[in-house]
Amino acid sequence: MTGETAVFEVAGHSVRLLPDGPQAWPALVELVEGATESLRLFFYIFADDARGTELRDRLVAAAKRGVKVQLAVDGFGSGDTPAAFFDPLTDAGAGFCRFHPHWGRRFLLRNHQKMAIADGQRAIVGGFNVADPYFDPHRPDSWRDLGLEIAGPQAAHLARYYDRLFNWITQKRSRIWQLRRILPALTQGDGALRWIFGGPSRRISPYARQVRADFAHASRLEMIMGYFAPNLRFLRMIGRIAQRGEAKLITAGKTDVPLSRDAAWATYGSLLRRGVRIAEFQPRALHAKLIVADDAVYIGSGNFDMRSLYLNLEVMLRIEDAAFAAAMRELFAREWERSDTVDPRAYRELATPWNRLRWRFSYWFFVTADFALSRSLTSRG
């Protein structure tokens, strides 16, 4: 996923692919520098490092030239960034907040979204956080990621969603039930381009519901996921796609959470038996999120684990367009060539009793223990 960015025209919108950090950073800078009226930004991580400082200073400059600037960060993801780091923003008149559920369980509900919106007309979404490792592929700790920029009417819809969410975060007595109403109300149910939001829900999040609907009839699936640990229902659906046609999955060979890789390995046996082809990305730590189900493409912040599917606040852009889907399948094919395939015979040899026990424990932790506790607590209020 290197090289020049590609631009597509879809339903009256310009969609520019940002295939990696070297393309995403200048696009983000250009978005901020080009804003004349407003800037709205959400990031899970906004680090006190070179890139974070540069973007903060550009936001300060935008506020001083009269642009209305709002920035929200997650209290857990940006927990290491000191409050004083953001003081120049608030001193310049920008709006700033940290996402902390007011009942104090910050480890349980997270704003995992990444978005930047300029003037309600252009927006960037994807997996990128604002930190040096996301934009410099030559660093030993670099992340392999993916994003896109959209220009057109749908950027205004994302801005409306941002305003509802920012107001919810900053009000004195926000309640989880209010958030549960915002997500389905702003998720779009039709159109070639749709914003799909994820987060806490009584039943199933809009993100999981829409993916489930697409998987139910798809005959071809390509996925790139930095974190992969879905429930058994989704695993069966992926297996059925492989049996109807073809299903291929790229997961992380390198990651910051070793337990998450073990949890993914716990799913490989059943998927391989159903004909799903699997490979692990090796050049760098994988953080990208891409789903291509027939002609429907998802790009955004959501992983394919229980937290992203059902609990974390996530933003995904669903694009249904044959030409765009074909281009994303070509991108997937290039990444497949840079990944190590998981051979069924080699998998069986690695699946020793000890390894199976380790994998199953990791899967239980991510899919059952952490998720069940977090969801039960966030269902209150």
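Two rings of Phe, Tyr or Trp (its six-membered ring) count as a pair if their centres lie within 6.5 Å; planes under 30 degrees apart are stacked, over 60 edge-to-face, and the rest tilted. By that rule, ring pairs link Phe 43, Phe 46, Phe 85, Phe 86 and Phe 96 into a cluster. Keep in mind that this is a predicted model, where local features need pLDDT of at least 70, side-chain atom pairs count only at pLDDT 80 or more, and totals for chains, interfaces and linings use all residues. Residues are numbered from 1 along each chain as its sequence is written, and side-chain values use heavy atoms, leaving out hydrogens and water.

**Aromatic rings**

- The structure holds 24 aromatic pairs.
- In one of them, the ring centres of Phe 46 and Phe 85 are 6.1 Å apart and the planes are at 55°, so this pair is tilted.
- Phe 46 is buried (under 20% relative accessible area; exposed is over 50%, partly exposed in between; 1.4 Å probe, protein chains only), with a value of 0%.
- Phe 85 is buried too, at 4%.

**Charges over rings**

- A charge sits over a ring if NZ of Lys or CZ of Arg is within 6 Å of the ring centre and within 35 degrees of the ring normal.
- Lys 248 lies over the face of Trp 336, at 4.3 Å from the ring centre.
- Arg 212 lies over the face of Phe 234, at 5.9 Å from the ring centre.
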